[in-house]
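Please keep the sequence and the model in view while reading.

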Amino acid sequence: MAENAKHLLIVDDEAALREAIAERLTDHGFVVEQAGSGEEALTRLAEFAFDIIITDLRLPGVDGRAVLDAALERYPDIIAIIITGFGTVKDAVNAIKQGAADFITKPFQFDALLHVLKSALEQRRLRSENAYLRSQLEERYRIDGLVGRSRIMRDLFQLLETVAATSSTVLIMGETGTGKELAARAIHHNSPRRANRFVAINCSAIPETLLEAELFGHVRGAFTGAVGTRQGRLEQAHKGTFFLDEVGTMSPALQAKLLRVLQEREFERVGDSHTVKIDVRIIAATHSDLQKMVADGSFREDLFYRLNVIPVRLPPLRERREDVPLLVQHFLQKLGSEQIPPRNATMSQEALRQLMAYSWPGNVRQLENVVERALAFSQGRSQIDVTELGAEIRNAPAEGDDASPWFPDEGLDLERYIEGVELTLIKRSLERTQGNKVQAARLLNLKRTTLIEKLKRLERAPGV
Ligand SMILES: Nc1ncnc2c1ncn2[C@@H]1O[C@H](COP(=O)(O)OP(=O)(O)OP(=O)(O)O)[C@@H](O)[C@H]1O
Ligand SMILES: [Mg+2]
């Protein structure tokens with residue numbers, strides 16, 4: 001018996017026919033079991049996950065339709081083939097609608113059955129290959145916890161993956177909340193160093209006086225309070241990845257010491273003359289413009305070049321608004337699953353439009369906070385609406401409404417876009433006038449009847 005032999009259950013109350021088919025199918029490599037009644041079929045199905053079931057529709061007692069139902073309910077992926085009597089096409093069609101893969105009409109040649117069976121198997125294989133390809137494609141919309149669908153983010157994922165394979169120093173630049181730390185972790189987790197540690201230190205969060213000892217460690221008595229010898233963070237990252245966050249805030253003295261680590265991969269613990277050698281990949285991140293800092297003398301030029309071996313730029317969210325829906329979905333799923341009981345909420349289209357139009361000074365972190373808050377305010381409703389977004393989003397002048405509307409990578413449907421803008425503005429005017437159409441029309445310099453007409457038409461329009 002081949003390892004991937006298909007397990008098949010044949011259900012028919014005509015014993016001679018059933019046995020003949022079973023025998024021939026066995027010859028063709030199937031592992032065949034038989035059931036002479038609907039009841040017996042149900043018992044077999046409860047005990048074993050068959051790949052294929054072939055059942056006569058007309059059975060005494062529990063009929064074929066009930067068997068089919070039970071099979072598909074328990075095993076949505078089972079291949080079901082129905083045997084019908086002559087002239088009962090309607091039954092066959094119903095069975096297909098119910099989820100059967102195919103049918104065959106009695107009387108039939110064995111070869112005809114074999115053909116039906118093989119093409120059903122082939123179809124199933126194609127379908128699962130497709131699903132696999134789709135899942136592969138979807139994979140590209142994320143790397144570790146980073147999700148994004150915009151061209152710029154997909155290129156970035158590619159870059160992160162390529163960089164991960166190397167040990168080169170990486171400099172990640174981006175505004176606050178754009179995902180710099182996530183990107184650093186993604187590099188580490190996709191690198192050959194993943195089995196070792198990812199050690200992060202935030203230069204701006206540690207007082208200058210302590211930072212050096214934190215980084216390099218110290219020996220006993222190195223300074224007041226240094227009661228024992230301690231390993232620094234750099235040493236802890238040996239053979240792993242060291243993440244130096246907000247590197248732009250380092251003092252000139254420390255910049256010089258860091259430069260030596262980058263060039264020689266060695267340093268001394270504070271208060272010690274013994275040299276420590278390490279093997280680390282260094283990833284630095286900054287939200288400041290280091291090049292400008294180099295120009296005005298606050299950051300060492302040589303250090304900048306040592307860090308900037310592979311620059312990675314995380315674009316602000318307002319430059320990739322097409323990522324907003326995917327991010328919203330990602331956060332709704334993540335935050336929803338953390339709740340008790342888990343929630344499975346969606347965002348209304350209008351709320352999404354508002355989110356996509358917003359300028360996001362706090363980038364993805366701010367979006368995550370807004371989604372979390374909206375989820376809390378929606379109090380268990382399955383759809384989150386504009387009212388739950390909070391005033392700063394609802395009342396923000398939408399960038400898309402001004403003289404330079406946002407233009408997505410993949411282009412847009414101009415008429416639908418304009419209709420969307422019209423509808424948004426009409427709704428805003430109605431909100432402002434508490435639904436008073438006369439006043440709203442005046443605000444929009446429209447006749448009242450024109451406003452009503454537009455509203456009716458726009459609300460009927462697809463996709464607006
Ligand atoms: N592309 C993304 N997909 C999913 N989550 C993201 C993405 N970018 C950022 N986040 C989330 O946003 C938050 C901020 O990300 P992260 O801490 O990596 O940003 P940062 O650039 O380091 O910010 P800061 O400069 O403020 O330190 C985190 O909760 C992170 O999970
Ligand atoms: Mg950060």
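**Charge pairs, backbone and surface**

Asp91 counts as partly exposed because its relative accessibility is 24%; buried means under 20% relative accessible area, exposed over 50%, and partly exposed in between, with a 1.4 Å probe and protein chains only. This is a predicted model, in which local features need pLDDT of at least 70 and side-chain atom pairs count only at pLDDT 80 or more, while totals for chains, interfaces and linings use all residues. Residues are numbered from 1 along each chain as its sequence is written, chains are lettered from A and ligands numbered from 1 in the order in which they are written, and side-chain values use heavy atoms, with hydrogens and water left out.

Asp91 forms a salt bridge with Arg65, their closest N and O atoms being 3.9 Å apart; the term requires a side-chain nitrogen of Lys or Arg within 4 Å of a carboxyl oxygen of Asp or Glu. Asp91 belongs to helix α4 (residues 89-98) and Arg65 to helix α3 (residues 64-74), so the pair ties together parts that are 26 residues apart in sequence. Helices are DSSP runs of H or I with at least four residues, strands are runs of E with at least two, and both are numbered from the N terminus. Arg65 is also partly exposed, at 35% relative accessibility.

Side chains of opposite charge can pair when their charged atoms come close. How many salt bridges does a search of the whole structure find? The search finds 27. One of them joins Asp12 and Lys106, with 3.5 Å between the closest N and O atoms. Asp12 lies in the loop between β1 (7-11) and α1 (15-27), and Lys106 in the loop between β5 and α5, so this pair ties together parts that are 94 residues apart in sequence. Both Asp12 and Lys106 are buried.

Another salt bridge is formed by the side chains of Glu214 and Arg230, at 3.6 Å from N to O. Glu214 is in helix α8 (residues 208-216) and Arg230 in strand β11 (residues 230-231), so that the pair links distant parts of the chain, 16 residues apart. Glu214 is buried, with a relative accessible area of 16%, whereas Arg230 is partly exposed at 41%.

The backbone comes next. Most residues other than glycine have a negative phi, and most peptide bonds are trans. Lys106 is joined to Pro107 by a cis peptide bond, with omega about -10 degrees; Pro107 is in the loop between β5 (102-105) and α5 (110-139). A cis peptide bond also joins Ile340 and Pro341, with omega about -5 degrees, and Pro341 is found in the loop between α13 (324-337) and β17 (346-347).

Lys239 has a positive phi, near 70 degrees. This residue is in the loop between α9 (233-236) and β12 (241-245) and is partly exposed, with a relative accessible area of 43%. Asn363 also has a positive phi, near 55 degrees. Asn363 is in helix α15 (residues 363-377) and counts as buried at 0% relative accessibility.

Elsewhere, Gln291 in helix α11 (residues 290-295) counts as exposed at 51% relative accessibility.
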